[in-house]
Amino acid sequence: MDTRRKKKLTFFTIGLIFLLSGIEYAVILPTIWRYLQTLDAAPYFLGLALSAFSLTGLLSGPLFGHWSDRTRTTKKIILFANVFEIVGNFMYFMGYSKWLLLSSRLVAGIGTGAGSSIFGFLTRSTAPEDRATVFAAVMACRQAGLLIGPAFNIFLRLCDFHIGPFVVNKYTAPGLFMCLLWILLQLAVVFMYWDLPPPERVKAKESSTSKSREEENERGLVEDEEEGDDEEKPLMASQELAGSYGSVVTPNSTRDHTSDTSNATVNHISPPSSPMPPESHRSSSPVKNFSVTREFLREEVVVLLAAQFITLFNQTALETMVTPLTQKYFSYGELENSVMYCLCGVEVIAGFLFVRWLSQRVAERVVLAIGLTICNISCVWCLIFLANPLGGFPWQLTEFIIGVFLQVLGLPFVAVAQVSLFSKVTAEKTQDDAGFLI
């Protein structure tokens, strides 16, 4: 199989990974609040369950990234991380108690740490000018999962049967469903994912191959010229060159003429190689001179990390409070929340497509500034209207829709620009170790 086909299948598998992560989020999030209520959990358990998933992903991300940075491979890491997703979702399906449910999100969150290795792999295998487009496409796959996920809840909420000692209902079915999907993804990674070499290495290999071919052609031409010269050379040299009849010819003159000719031929065929660098230069390595402080405590890096932290904090806070809020003010159930998440997925996918188009025409820092401006406006709106909703049901619903719309609208701008800029302002060797930050 050629490299181009392997690259397409590998990128397709990466898209499936992010698609399933979005589906898992959209399938579980609309039902987890009611699920915890059936297990007599306190309201704060909703925040614990959602934070547990992100916490273990935060802790496992740098470990997986360091593993990928040391081995320059990601396939084994993805296969290993998916095991935690499978086990965690099966624990969620069991659902004997609120503590088991909390533990299931802790275990499943470990699997999300492989995302740092995947982003590092994408950084190594794409050119800088194409990076924003590739990252936008990968993130759009996750948002497509957020769009498709609520549709699965439409039929998962109809489940009501037993598998041995386990009860399959509208609350436990998402865990079993995601467990089966992650198992299928394991097979896709095994047969459709390859650890591709960086494009620079591929180009260097191709250039060295073409250069060796050119050298062989040049040598062939030189040999042909020498053979032609031998054929045209007379059997005896002229008297002007060899000396007149009866005169004494010194051997040095003939030897000098022959050595000059041979030296010219040798110099023409094999030019002198460049001298070896001194031992001190060869022993020095940029890895030894690398400093984490100089790498991450720079203004541009701190700004990008701060933008990512604030945006994700606002997004997680909104997702945590949106289901209790809709239940309190609008009496929404699982179906209504699923439809809401589906509409948000449509908005985000449209946003990623627009950002992909926009990033090819304006600078990425402009895209980041637009996203942060939208997020600031949404925070001010939510602070004024959602903290204490005003008016009757129509006004409250309108205020809620506008606040959620603005918050979701700014996500694609910040996410794509932040990841792309982060990969350009940091060293390539840190892309895996720092991938959990993006």
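Arg72 comes directly after helix H2 and has a positive phi, near 55°; helices here are DSSP runs of H or I with at least four residues, strands are runs of E with at least two, and both are numbered from the N terminus. The model is a predicted one, in which local features need pLDDT of at least 70, side-chain atom pairs count only at pLDDT 80 or more, and totals for chains, interfaces and linings use all residues. Residues are numbered from 1 along each chain as its sequence is written, and side-chain values use heavy atoms, with hydrogens and water left out.

Helix H2 itself covers residues 44-71. Its 28 residues should span 40 Å at 1.5 Å a residue, and the distance of 41 Å between its end C-alpha atoms agrees with this; the expected span is 1.5 Å times one less than the number of residues.

The protein chain as a whole contains 16 helices and 2 strands. Of its 438 residues, 42% are buried, where buried means under 20% relative accessible area, exposed means over 50%, and partly exposed lies in between (1.4 Å probe, protein chains only). Among contacts with a separation of 6 or more, 82% join residues 24 or more positions apart; contact means heavy atoms within 4.5 Å.

Helix H5 comprises residues 114-125 and includes Ser125. Ser125 counts as buried because its relative accessibility is 4%. A polar atom of the Ser125 side chain lies 2.8 Å from the backbone oxygen of Phe121.

H5 packs against helix H6 (residues 128-156) at an angle of about 150°, and the two axes are 10 Å apart. Axes are lines fitted to C-alpha atoms, for helices over the stretch in contact, and angles run from 0 to 180 degrees between N-to-C directions.

Leu147 counts as partly exposed because its relative accessibility is 24%. Which residues does Leu147 contact, leaving aside its neighbours within four places in sequence? They are Cys342, Gly345, Val346 and Ile349. Leu147 and Ser338, 191 residues apart in sequence, are 9.4 Å apart in space, C-alpha to C-alpha.

Conventions: A polar contact is a pair of N or O atoms within 3.5 Å; within protein, one must be able to donate a hydrogen and the other to accept it, and residues adjacent in sequence count only if both atoms are side-chain atoms.
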